[in-house]
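Here's a quick tour to read with the model open beside you. Take the topics in any order you like.

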Amino acid sequence: MDDLIKRAAKELSETKNAVALTGAGCSVESGIPPFRGKGGVWERIDPDYASIEKFMSDPADVWNVLIKEMKDLVDKSKPNECHKGLAKLEEMGILNTIITQNVDGLHQMAGNKDVIEFHGSFAWQRCMDCSEKCETGKVDMSEIPPRCKCGGIYRPEVIFFGEMIPPDALFRSKQLASQCDIMLVVGTSAVVHPAAMMPVIAKQKGAKVIEINMERTPLTDDHISDYLIAGKAGEVMKGIITELERLM
Ligand code: OAD
Ligand code: ZN
């Protein structure tokens, strides 16, 4: 692992045009469980709860089973070494943009200025009737599902399964993926599309793809990633930053 950390730091030190694609594994060390795998959300909760059909048919149930728990977790969480390392990479002029599948806002909290929220943001709720937005922290939760002044039901500003990726997020992400020199793929199982296509686009256009994950993914197995740094995202990112500071 140490040799690969050194290799990644060296390669990153030679570019000003890296892009990151991040997933739930980035926030595990902040206390937010991933979706898939051991200890994942889908071990306890039927993934159907994340579908728009389920939300439309029974919003109170989805609020009670999934959204309330997410709110508690996101409220308590703080950026970890992975988020801080990526913020440092931006500050050093190496990393342009983070394309994140996470909705927890931790990249922005760590200081990254250019974050594409590919699956939306949990920081906001939107009324399904009048479209007015309310900060999640300010939503009156005394009644479930919570309601807007107009009587409409609030939904989080996130993408449920069965919904489209915001077109501008998708367009910009594809553009960045096809123009970057290095794509860092951190803590994502890379099975949810179209997010998982971004490293494939980067690779096809000649970028280096560096994966940081505790486990292999389809990107590792299909040789989309040049190499996998197997370890916890926070520890690996910390190692990369230490090495970069030595080099630069
Ligand atoms: P997953 O839960 O599918 O995958 C998490 C990945 O992080 C796995 O590959 C783990 O091996 C890895 N991992 C776990 N802990 C880690 C750690 N400490 N350091 C590094 N890696 C670690 O999460 P995503 O790939 O983000 O969609 O899932 C993609 C989408 O599926 C989510 O955005 C969400 C979900 O349904 C929506 O909300 C629309
Ligand atoms: Zn309303």
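Is Cys-130 buried, partly exposed or exposed? Cys-130 has 39% relative accessibility, so it counts as partly exposed (buried is under 20% relative accessible area, exposed over 50%, partly exposed in between, with a 1.4 Å probe and protein chains only). Keep in mind that this is a predicted model, where local features need pLDDT of at least 70 and side-chain atom pairs count only at pLDDT 80 or more, while totals for chains, interfaces and linings use all residues. Residues are numbered from 1 along each chain as its sequence is written, chains are lettered from A and ligands numbered from 1 in the order in which they are written, and side-chain values use heavy atoms, leaving out hydrogens and water.

**Zinc site**

- Four cysteines hold the zinc ion (ligand 2) through their SG atoms at 2.3 Å: Cys-127, Cys-130, Cys-148 and Cys-150. Donors here are N, O and S atoms within 2.8 Å of the metal (3.2 Å for Na, K and Ca); water is not among the atoms, so sites may look incomplete.
- The angles subtended by the four donor atoms run from 102 to 118°, so the arrangement is tetrahedral (for four donors, all angles between 85 and 135 degrees).
- Along the sequence, the donor residues follow the spacing C-x2-C-x17-C-x1-C.
- Cys-130 sits in the loop between strands S4 (120-127) and S5 (133-135), and Cys-148 in the loop between S5 and strand S6 (154-158), so the pair ties together parts 18 residues apart in sequence. Helices (H or I, at least four residues) and strands (E, at least two) are DSSP runs, numbered from the N terminus.
- Cys-148, at 7% relative accessibility, counts as buried.

**Around Glu-157**

- Glu-157 is part of strand S6, and its side chain makes a 3.3 Å polar contact with that of Lys-133. A polar contact is a pair of N or O atoms within 3.5 Å; within protein, one must be able to donate a hydrogen and the other to accept it, and residues adjacent in sequence count only if both atoms are side-chain atoms.
- Neighbours within four places in sequence aside, Glu-157 is in contact (heavy atoms within 4.5 Å) with residues including Trp-124, Gln-125 and Arg-126.

**Nonpolar cores**

- The largest nonpolar core has 26 residues, of which Leu-86, Leu-89, Leu-184, Ile-212, Ile-229 and Ile-240 touch the most other members. Such a core is a set of buried Ala, Val, Leu, Ile, Met, Phe, Trp, Tyr and Cys residues joined through side-chain atoms within 4.5 Å.
- Elements that each supply at least two residues to this core include helix H1 (2-13), strand S8 (208-213) and helix H10 (233-247); H10 gives the most, with six.
- Another core, of 23 residues, lies apart from this one, and Leu-21, Phe-118, Cys-180 and Ala-190 are among its members.

**Ligand 1**

- Ligand 1 is surrounded by 23 residues, the closest being Phe-35, Arg-36, Thr-188, Ser-189 and Asn-213 (a residue is near if one of its heavy atoms lies within 4 Å).
- Oxygen atoms of ligand 1 come up against polar side-chain atoms: 2.7 Å for Thr-188, 2.6 Å for Ser-189 and 2.7 Å for Asn-213.

**Helix H8**

- Met-198, Pro-199, Val-200, Ile-201 and Ala-202 are buried in helix H8 (residues 197-204).
- Their cover includes S1, helix H7 (167-179), S7, S8 and helix H9 (218-221).

Note on methods
Tetrahedral: all angles 85-135°; square planar, octahedral: opposite > 155°, others 65-115°.
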